[in-house]
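Visitor: I am new here. Could you show me around?
Guide: Gladly. Take a look first, then ask away.

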Amino acid sequence: MAAPTLATLPPDMFDTVLCVAAHPDDLEYGASAAVATWTDAGTKVHYLMLTRGEAGIDAMAPAETALLRSEEQVLAAREVGVDDVEFLDHPDGVLEYGVALRRDIARTIRRVRPDAVVVGAWEVEFMGGLNQADHRVAGMVTIDAVRDAGNRWVFTDLIDEGLQPHSPRWVLVAGHDSPTHGVALSPTALAAGVRSLEAHAGYLAALPWHPPPSELVPWLAEAGGPALGAEAATLFKVYDLQAPPGS
Ligand SMILES: [Zn+2]
């Protein structure tokens, strides 16, 4: 096996992780297998969904889809050891970057008080194709909300709600084209990751072109493995917000 080119994040590196995603299912393309690794090591993980993905099934009315996809996300989270799944009910498909959404995410950061926040890549181009509008917004708004959460004088109404400032140290970007670190995945964690995507059965049934989770999730994880000298891995671009400038 080739020598590793990226650093491995120890499974117990974080006490509390907040994962933010635009839609139910977004975390299940690799990130959730890392989550399984963390929860197995005793890390507390909280999911924050910015929408319920209600615009995701062409043949189903949004209210019904919202219910289905929310339920499937809760089941998916459970497969990787996560019991806390929160939905913000911002609109799917037309998620807007704005102060209201930043405040909502900052509120959850202050309440959950994570040391790491996981978010998807927000670049226009993503994994060889074009990224989706809500994914771009979700990434940008989350990295800004991370700063907001630590600033007492931004969203002073959150102080009035009893939520004191909190600054997460780490931001981990999943699906980034230039990862810096990774989480090595055991077969058990990888299997949990597969089951978490399989939990979105109703949604995936509406996407006939979608590869089976049992093929797609291992394929992604095995593509990431060599960078860590591992069989399988989830790779992240990691930002240490406490690092001195230029380090
Ligand atoms: Zn999505």
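**A walk through the model**

Guide: Asp26 is partly exposed, with a relative accessible area of 23%. Partly exposed lies between buried (under 20%) and exposed (over 50%), using a 1.4 Å probe and protein chains only. This is a predicted model: local features need pLDDT of at least 70, side-chain atom pairs count only at pLDDT 80 or more, and totals for chains, interfaces and linings use all residues. Residues are numbered from 1 along each chain as its sequence is written, and side-chain values use heavy atoms, with hydrogens and water left out.

Visitor: Which residues coordinate the zinc ion?
Guide: Donors are N, O and S atoms within 2.8 Å of the metal (3.2 Å for Na, K and Ca); water is not among the atoms, so sites may look incomplete. Along the chain, the donors follow the spacing H-x2-D-x108-H. At 2.1 Å, the zinc ion is coordinated by His23 (ND1), Asp26 (OD) and His135 (NE2).

Visitor: What is the relative accessible area of His135?
Guide: His135 is a zinc ligand through NE2. This residue is partly exposed. Its relative accessible area is 22%.

Visitor: Which element gives the most to the lining of the largest pocket?
Guide: A pocket is an open set of points on a 1 Å grid over the protein atoms alone, where a 1.4 Å probe fits, with protein on both sides within 12 Å along at least five of seven lines; lining residues have an atom within 4 Å of a point. The largest pocket is lined by 49 residues, with Asp26 among those nearest its centre. Elements are DSSP runs, numbered from the N terminus: helices (H or I) of at least four residues, strands (E) of at least two. With seven residues, the top contributor is α8.

Visitor: Is strand β3 largely enclosed or open, and why?
Guide: Strand β3 covers residues 44-49. Five of its six residues are buried. Therefore the rest of the structure leaves β3 largely enclosed.

Visitor: Which residue in β3 is the bridge partner of Val17?
Guide: Two strands pair if DSSP finds at least two bridges between them. β2 and β3 pair in the parallel sense over six bridges. For Val17, the partner in β3 is Val45.

Visitor: Which residue in β4 stands opposite Met49?
Guide: β3 also pairs with strand β4 (residues 84-87), in the parallel sense, over four bridges. Opposite Met49 stands Phe87.
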